[in-house]
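Hi everyone, thanks for making time.

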Amino acid sequence: MHANLIGGQWLAGAGVAVNVNPSDTRDIVGEYAQADPAQARQAVDAASQAFESWSHSTPQQRFDVLDAVGTTLLARRAELGDLLAREEGKTLPEATGEVARAGQIFKFFAGEALRLTGDAVSSVRPGVGVEVTREPIGVVTAITPWNFPIAIPAWKIAPALAYGNTVVFKPAELVPGSAWALAEVLANSGLPAGVFNLVMGRGAVVGPALTEDPRVAAVTFTGSAATGQRLAAAASTRGTKMQLEMGGKNPLVVLDDADLEVAVHCAVQSAFYSTGQRCTAASRLIVTDAIHDRFVAAVVKRLQSLTVADARSVGTDIGPVVDEVQLRIDLDYIASARAEGAHLAFGGEARPSDAQGHPGHYLLPTLFTETHNTMRISREEVFGPVANVIRVRDYAEALAVANDTQFGLSSGICTTSLKHASHFKRHAQAGMVMVNVATAGVDYHVPFGGRKASSHGPREQGRYAAEFYTTVKTAYTAA
Ligand code: NAD
């Protein structure tokens, strides 16, 4: 049984949850402790006791710990990538790449611990000096989703620690394995007890204790819009600092003048890889008239060549859906699109097992054509390997349709026109814009986040992370 980490101790929880491999439901990945609210409060106690000393640790101490964590993750990428693929269902190359990404993020923030600076400013008054500095904020609760089981925790925990905060980490129920492995690496990295704590358990059970405790200074959350909005409503009455990264309904515009190969690659990679379970996945493919039919034919041809199978089998392009609940949601959206008159161009079917007979939650990549932006399939995030093509007349209509959504995370365009690319970069209502590259797939040293219902609060990642994980102090000194 894998225990929770609280105040430097590995503690059994009030219960135990079983982690099942979605590629082969006969395979039990492990058993993981489930905290109750009392144990969650214990983690907040530990983090708040550890804060005084860690907030005054030197940048060198923080660098050493974070750099060591990064080195270990990079060295163990194959082993931890295998675990990640086994519990979440992304393919081995994707999973190994994600672990490496987590390692790079820890190394980046190790450097940021050394680079944090302030300003010395001349006062408007004679004989006074002004300094503007950044200080840690306190206990940070990090709540993460299942679709990036190690990279998202890394991009929350690493900056929180780098800037001198203490952390209580609550991973998603479906992926405790990667979370526990990361906690073990952190526990062995030289961090003082209580600076980092792991609380595995159901969000509804431990969530309030981890987010509503007055000793929690900040909550960083990535997950669904429904959960995020609930947390935001509760936090607004207490003034807890909040950062929310939520869903998407990301458009990929394909114009007549696009390079067809590039457009097909961007669409297939963005919409279907990682089983479409990425907040930055392109799910609305907005295609102008003259290229529409050629584009659809080429995408369908590419989909026919993809292998949907066990995430850890050699040659798998697309692994299973994460669990039975998500598979049912995906199939419900497929049924609803058909009922609204969308044409099923490819896929649409679940498979109870892969070609090797592994029982799992398999779903063929699914493409709809003849859809409109008003259909449910165009309005709501599916979070599966499902995309729909919306035919438009020209660039102006494409841009309008791309922006006609409650979300605003990532927005892409495939075109060889500098004029349209430049205009789109300026006018796409999204936090991230992609020109001739997939909507999913980002760098770790630059800001990540969205607009509208996709995000709330300061950006994550890169130097911009300091905005959330520090608070500014202005000091005046008489000379
Ligand atoms: P979810 O909202 O169901 O769960 C996210 C986390 O919140 C989990 O750890 C869960 O246990 C916890 N939680 C649930 N109820 C809670 C409560 N009452 N209090 C505190 N915590 C609670 O989301 P999910 O299904 O795990 O993830 C999928 C969603 O995440 C999708 O909508 C996707 O778009 C989004 N996502 C967004 C980004 C981004 O950066 N914008 C990145 C990845 C995933």
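Okay, let's start with where the ligand is. Domain 1, which covers 4–246 + 454–478, and domain 2, which covers 250–435, both give residues to the shell around the ligand, so the ligand lies between them. Keep in mind that this is a predicted model.

And what kind of space is the ligand in? The space taken by the ligand is the largest pocket.

Now, who's around it? The ligand is surrounded by 28 residues, and Lys170, Ser224, Met246, Cys279 and Glu381 are the closest. Sorted by class, that shell has 14 nonpolar residues, nine polar and five charged. If you're looking for secondary structure, helix H7 (203–211), strand S10 (216–222) and helix H8 (225–236) each supply at least two residues of the shell.

Let's zoom in on the polar side. Ser224 has a side-chain N or O atom 2.6 Å from an oxygen atom of the ligand. With Trp146, again a side-chain N or O atom, the distance to a ligand oxygen atom is 3.0 Å. Met246 uses its backbone: a polar atom there is 2.7 Å from a nitrogen atom of the ligand.

How much of the ligand does the protein bury? Taken alone, the ligand exposes 850 Å², and the protein buries 89% of that.

How values were computed:
Residues numbered from 1 in each chain as written. Predicted model: local features only at pLDDT ≥ 70, side-chain atom pairs only at ≥ 80, totals over all residues. Heavy atoms only, no water. Near = heavy atom within 4 Å. Polar contact = N/O pair within 3.5 Å; in protein donor to acceptor, adjacent residues only side chain to side chain. Areas by Shrake-Rupley, 256 points an atom, 1.4 Å probe, with all protein chains shown as cover. 1 Å grid on protein atoms, 1.4 Å probe; cavity = no way out; pocket = protein on both sides within 12 Å on 5 of 7 lines; lining within 4 Å. Sits in = over half its atoms within 2 Å of the grid points. Helix = DSSP H or I, 4+ residues; strand = E, 2+ residues; numbered from the N terminus. Nonpolar A, V, L, I, M, F, W, Y, C, P; charged D, E, K, R; others polar. Domains from an automatic or database assignment.
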